[in-house]
Amino acid sequence: MVYVGIPKGQADQEEEVLKTIQDGDSDELTIKRFTESREKPGALWHIYAAKDTEKIREFLKKVAEEQGQENPVDHDPIHDQSWYLDRSLRKRLHQEYGVQGWAIVQFLGDVVFIPAGAPHQARRSGTVHNLYSCIKVAEDFVSPEHVKHCFWLTQEFRYLSHTHTNHEDKLQVKNVIYHAVKDAVGILRANESSLSRS
């Protein structure tokens, strides 16, 4: 989080931000960062374990049906990013499916790492609710430990509609694997020739 802008004379907004942080199921230390240390919060994240993805997907489809919405085969309630799990939905998800996530308030200067395949949502400026105006820098990366999971996600994206924003392979996992293998082979060949000379 590289910038958090707090408008002058917006003291009443502080109470609203505090309420949002509390309703977001944040822990006491996080609340103290805002109330006592006077740090600037920019975004409220809810991150779930990747192993709970199917349960969350099933829950969102169930809620959509209850609300009379369709669940087209070539769409996905997680990848569509059309849901925000508010406090009541998070509570229901926990009660009915045993799924509980982590609430993280991202303050100015904080970095949030989201593990591969971990469903997540953020409340920040421009989406559901403003904490404060903020600017964040995001970078996707593929760690060697999560290549298998990233490849699985890529396959999942292929089943989305062709017009879906996540249909394309944004991580380019196959290219990452190709270049990693190419570099490894190049290093092995370079070392092989130097070893044969000694």
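## Close-ups of a predicted protein chain

**View 1. The largest nonpolar core.** Val17, Ile21 and Phe34 touch the most other members of the largest nonpolar core, a group of 18 residues. At least two residues of this core come from each of α1 (11-23), α2 (28-35), β2 (41-47) and β3 (102-107). Strand β2 gives the most, with four residues. A nonpolar core here is a set of buried Ala, Val, Leu, Ile, Met, Phe, Trp, Tyr and Cys residues joined through side-chain atoms within 4.5 Å. Buried means under 20% relative accessible area, exposed means over 50%, and partly exposed is in between (1.4 Å probe, protein chains only). In soluble globular proteins, nonpolar side chains tend to be buried together.

A word on the model: it is predicted, so local features need pLDDT of at least 70 and side-chain atom pairs count only at pLDDT 80 or more, while totals for chains, interfaces and linings use all residues. Residues are numbered from 1 along each chain as its sequence is written, and side-chain values use heavy atoms, with hydrogens and water left out.

View 2. Set aside the neighbours within four places in sequence, and Ile21 is in contact (heavy atoms within 4.5 Å) with Ser26, Ile31, Phe34, Pro41 and Val105.

**View 3. The whole chain.** Six helices and five strands make up the list of elements in the protein chain, and along the sequence they run β-α-α-β-α-α-β-β-β-α-α. Both kinds are DSSP runs numbered from the N terminus: helices are H or I with at least four residues, strands are E with at least two. Of the 198 residues, 35% are buried. Among contacts with a separation of 6 or more, 75% are between residues 24 or more positions apart. The accessible surface is about 13,000 Å², and carbon and sulfur atoms account for 52% of that; such areas come from the Shrake-Rupley method with a 1.4 Å probe, and for residues only the protein chains shown count as cover.

**View 4. A nonpolar patch on the surface.** Val2, Tyr3, Ile135 and Val137 form this patch, with about 420 Å² of accessible area together. Patches are made of residues with over 30% relative accessible area and no salt bridge, with like charges joined within 9 Å and nonpolar side chains (Val, Leu, Ile, Met, Phe, Trp, Tyr) within 5 Å. Ile135 sits in strand β5 (residues 133-135) and is partly exposed, at 45% relative accessible area.

View 5. A salt bridge is a side-chain nitrogen of Lys or Arg within 4 Å of a carboxyl oxygen of Asp or Glu, and the count comes to twelve. Glu14 and Arg38 make one of them (2.7 Å, N to O). Glu14 is in helix α1 and Arg38 in the loop between α2 and β2, 24 residues apart. Glu14 is partly exposed at 30%, and so is Arg38 at 48%. Asp110 and Arg33 also pair up (3.2 Å, N to O), tying the loop between β3 and β4 (120-123) to helix α2 across 77 residues.

View 6. Glu96 and Arg92 form a salt bridge, with their closest N and O atoms 2.7 Å apart. Both lie in helix α4 (residues 87-97), four residues apart, about one turn of the helix. Glu96 is partly exposed at 38%. Salt bridges with shared partners also join Lys19, Asp23, Asp25, Arg87 and Arg90 into one network.
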